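Hi, here are my notes on the model you asked about. Have a look at the picture before reading on.

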Amino acid sequence: MAKHDLILLVLNPSQILDLMQRALHAAGFDVAVVHDVPAMNNSVHEIVPALIIIGEKVGDQDGLSIAAKILERFPTLPIILYTDTDTSGTAKSVLKMGLSSYLYPPLKMADIVDEVQKSLVRARKLGDWLRREVKRTTSTLSEKAKISESERFKLQAIIANIQDGVIVLDERHHILLMNNAVRDIFGLDHHEINGKLLEDVISNADINALITRSNDEPLKYHEVNFDDGRVFNAQYTPIPNIGAAVTMQDISYLKELDRLKSDFIHTVSHDLRSPLTSVLGYTELIERTGPLNENQQEFLKRLQGSIQHITMLINDLLDIGRLEAGFDTRREMVQLEDILKYSLDMFDGQVKKKYIKLTVNVDHDIQLLRANPIRIRQMIDNLIGNAIKYTPDEGSVQVGLHMQDNQVIFKVEDTGPGIPPEEHNRVFEKFFRATNAPNDIQGTGLGLAIVKSIVDSHQGRVWVDSTVNKGSSFTVILPTQE
Ligand code: ATP
Ligand code: MG
């Protein structure tokens, strides 16, 4: 036991106080005595006692509540209560308040020293344990900090050297991280960019469109086009508690391939159309050369049907070619609900034949659209046509036309077979048919590619939401103001 531990006695003058002083001195402790609370508070701060013995009453104040207050500030300081009478209530209160122990008469000098020493040992053990715990926790924390720092460096090195562009943003679109690939793509050299708003660093309309529109959509793509011909596919992915990541892949070579393929298809289909027209012409002439028997007439009809089908396909291909080449420049003010009405009239027969429950919902305030009416009709026909074609008999189809912030929203929902999630983007590719498309439903996979080209050329967006075996919902958004 350290000889110079200081024991503070907070007791009214009495014989017991004298006895304690003597006993503790004799045992080698330093002793300080105070009789009231202000003096006690001073001593606690100035002399920092190793232990306090406090009377049940200090002046006219309650010793127990004074002790509780001290413990609030010095939770490991041992305090012993001195009480004149030992009742079961005293023991309970001492325990409840977190005091070390209590003393009561009759008291011998040895009892006092013994109790003080026991309390000091316990307090010291508690202190040691606390110090050890603090040390252990801090060392594991710094160990962890070291590990996470090296992980962070590793991650930074990986992201910095990835070929794809990576930008990490906080929730308000300030840049947290941007790798070298992005700097190369936008020619940012050594600009300081961390912490800046993305739109202040990169003023690219495609990137800004992707980011502003992605606030309410989970994961979105956008093509980023540069004047020098480079094309990137940018993806926006929200990251919970951080913000979002934008990744960019160079797809210029894929675009070039696509262009070559389109040129090829365009040339071939164009060259096929003239001979087909003449074949059709001759089938019509055959009838004039003399009477045909029933079989001959039947075959001729089938021949004409097939030629018409091929001609339609070729017209579709030529349409896509023209749209993709940007030749669709005709624009006039178009009343969408009228076009929708004509389209629905055309499908009326099929709807009735398949007993489809058709619901049409059109807002009364649809604004005029600057558009090519023929193309818009084609887009509407394709989407409604698909919904009716893929929805089984007695299913339902819902068509909606709504206004929202200067945008027309055209929606076609059905209860058809749906489209597997990994194919949602692919259905807009030329010739792509979903893997679950029913075998008995014919199609070439061009309709949605045409829809996409039309919507793109009107600065709009189109996408599909769909659940297999439940149905699909195609949404087209077209801005009414350029
Ligand atoms: P067509 O060129 O005659 O339109 P298609 O209907 O097969 O042929 P798209 O309209 O481009 O081609 O559609 C592509 C594919 O997307 C379809 O083959 C089909 O698998 C799927 N699909 C399109 N619309 C729906 C729909 N409403 N419900 C289920 N699947 C659909
Ligand atoms: Mg179709």
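1. A quick definition before we start: domain bounds here come from an automatic or database domain assignment. Keep in mind, too, that this is a predicted model.

2. How is the chain divided up? The assignment gives domain 1 (6-125), domain 2 (129-250), domain 3 (254-324) and domain 4 (332-479). If you take the C-alpha centres of domain 1 and domain 4, they lie 86 Å apart.

3. Now for the ligand. Ligand 1 takes up the space of the second largest pocket. Around ligand 1 you'll find 20 residues, and the closest are N386, D414, R433, L446 and L448.

4. Which elements give two or more residues to that shell? They are α12 (373-390), α13 (447-457) and β19 (471-479). Helix α12 supplies the largest share, 4 residues.

5. What sort of residues make up the shell? Sorting them gives 10 nonpolar, 7 polar and 3 charged.

6. Zoom in on the polar contacts next. One oxygen atom of ligand 1 is 2.8 Å from a polar backbone atom of L446. With K389 it's the side chain that takes part: an N or O atom there is 3.1 Å from an oxygen atom of ligand 1. For S472, an N or O atom of the side chain is 3.4 Å from a nitrogen atom of ligand 1.

7. Finally, how much of ligand 1 does the protein bury? Taken alone, ligand 1 exposes 590 Å², and the protein buries 94% of that.

Note on methods. Residues numbered from 1 in each chain as written. Chains lettered and ligands numbered in written order. Predicted model: local features only at pLDDT ≥ 70, side-chain atom pairs only at ≥ 80, totals over all residues. Heavy atoms only, no water. Near = heavy atom within 4 Å. Polar contact = N/O pair within 3.5 Å; in protein donor to acceptor, adjacent residues only side chain to side chain. Areas by Shrake-Rupley, 256 points an atom, 1.4 Å probe, with all protein chains shown as cover. 1 Å grid on protein atoms, 1.4 Å probe; cavity = no way out; pocket = protein on both sides within 12 Å on 5 of 7 lines; lining within 4 Å. Sits in = over half its atoms within 2 Å of the grid points. Nonpolar A, V, L, I, M, F, W, Y, C, P; charged D, E, K, R; others polar.
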